[in-house]
Amino acid sequence: MHDVGCYRDAKNPDKKSRKLRSGNVLTIEPGIYIAPDFIPAKGQPEVADCWRGIGIRIEDNVLVTNKGHEVLTALLPKSIGAMERV
């Protein structure tokens, strides 16, 4: 499940964005992706070879409601310990 859209208001195309409405679902996905050929900027630490070419993402799907929001994926395991128990 991913949000699929342009958050522009079709009725007001000159506006830069529109407000979220009840029933909209968004995906919140903090993550880190390290390219195999990543070269750190000057002054930044090197990346160990074991981390190159990986991506890690922890994803939540959030429903906008009339009263706020509901995290639809709240009960899914997200910590290392919880995932190792599954």
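Guide: A residue is called buried under 20% relative accessible area, exposed over 50% and partly exposed in between, using a 1.4 Å probe and protein chains only. What follows describes a predicted model, in which local features need pLDDT of at least 70, side-chain atom pairs count only at pLDDT 80 or more, and totals for chains, interfaces and linings use all residues. Residues are numbered from 1 along each chain as its sequence is written, and side-chain values use heavy atoms, with hydrogens and water left out.

The protein has 1 helix and 5 strands, in the order β-β-β-β-β-α from the N terminus. Helices (H or I, at least four residues) and strands (E, at least two) are DSSP runs, numbered from the N terminus. Buried residues make up 14% of the 86 residues.

Now to the salt bridges. Side chains of opposite charge can pair when their charged atoms come close. A salt bridge here is a side-chain nitrogen of Lys or Arg within 4 Å of a carboxyl oxygen of Asp or Glu. The count by this rule is 4.

One of them joins Arg-57 to Glu-29, with 3.3 Å from N to O. Arg-57 belongs to strand β3 (residues 54–57), while Glu-29 sits in the loop between β1 (25–28) and β2 (31–34); the pair links distant parts of the chain, 28 residues apart. Arg-57 is partly exposed because its relative accessible area is 44%. Glu-29, at 30%, also counts as partly exposed.

Arg-57 has another partner, Glu-59, and the closest N and O atoms of that salt bridge are 3.2 Å apart. Glu-59 is partly exposed, with a relative accessible area of 23%.

Lys-78 lies in the loop between β5 and α1 and Asp-60 in strand β4 (residues 60–65), so the pair ties together parts that are 18 residues apart in sequence. Lys-78 is partly exposed, at 25% relative accessible area.

Thr-73 is found in the loop between β5 (68–71) and α1 (80–85). Leaving aside neighbours within four places in sequence, Thr-73 is in contact (heavy atoms within 4.5 Å) with Glu-59, Asp-60, Asn-61 and Lys-78. Thr-73 is buried, because its relative accessible area is 9%.
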